[in-house]
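Dear colleague,

Please find the structure for your review below. My notes on it follow.

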Amino acid sequence: MQAALRWLQARADNMAVGFLTVMFLSFILQIVSRYVLNHPLGWTLELCLTMWLWVVFWGSAFLLTDQDHVRFDMLYLTGNVRVRRVLALVSAVAILVGFAAALPATFDYITFYKIKKSATLHIRLDYVFSVYGIFAVAVIARYALRAWQIARGDAPDEPQEPEPR
């Protein structure tokens with residue numbers, strides 16, 4: 001099971017690298033076409049924006065750990081293990097419920113965009129914004145697992161000290 005998860009994690013990393021590569025090459029092409037050839041290309045900006053959208057939500061869904069996210073944990077850190085467990089469970093359930101409640105409307109909104117296309121590349125916007133649906137489902141799965149682990153007695157994540165620079 002761990003080998004399969006590592007393989008999937010590596011493929012998610014590969015996808016993010018691919019998105020960043022396409023974004024970077026598009027950016028370089030735009031610079032060359034605008035400032036060297038004096039012939040700007042409109043589609044490169046749209047491709048950069050689309051790739052940025054995908055890399056942000058893809059990375060948030062599959063690559064970031066809980067420690068990578070910004071936390072407002074001053075109250076959380078003052079409590080003992082039992083208080084931290086309760087606060088972690090409450091926050092995991094709140095995130096889970098919030099994303100699950102918004103999921104039907106999210107998918108309705110994404111599918112509504114099938115009638116529109118992007119301005120220069122003419123890509124259907126439901127394809128462009130589908131990454132948010134993927135992100136929402138991944139967040140629901142992640143926090144359902146986290147709530148289940150905390151409820152069965154696993155200790156919530158211990159705070160980590162920042163590494164010295």
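A contact means that heavy atoms lie within 4.5 Å. In the protein, residues 24 or more positions apart account for 72% of the contacts with a separation of 6 or more. Please note that this is a predicted model, in which local features need pLDDT of at least 70 and side-chain atom pairs count only at pLDDT 80 or more, while totals for chains, interfaces and linings use all residues. Residues are numbered from 1 along each chain as its sequence is written, and side-chain values use heavy atoms, with hydrogens and water left out.

The protein has 5 helices and 0 strands (DSSP runs numbered from the N terminus: helices are H or I with at least four residues, strands E with at least two). Its radius of gyration is 20 Å, well over the 15 Å that the globule rule gives for 165 residues, so the protein is more spread out than a compact globule. This radius is taken over C-alpha atoms, and the rule is 2.2 Å times the number of residues to the power 0.38.

The whole structure holds 11 aromatic pairs (rings of Phe, Tyr and Trp, the last by its six-membered ring, with centres within 6.5 Å; planes under 30 degrees apart are stacked, over 60 edge-to-face, the rest tilted). Phenylalanine 99 and phenylalanine 135 have ring centres 5.9 Å apart and planes at 75°, so this pair is edge-to-face. Because phenylalanine 99 lies in helix H4 (residues 81–112) and phenylalanine 135 in helix H5 (residues 125–151), the pair ties together parts 36 residues apart in sequence. Separately, Phe19, Trp54, Trp58 and Phe62 form one aromatic cluster.

Yours sincerely
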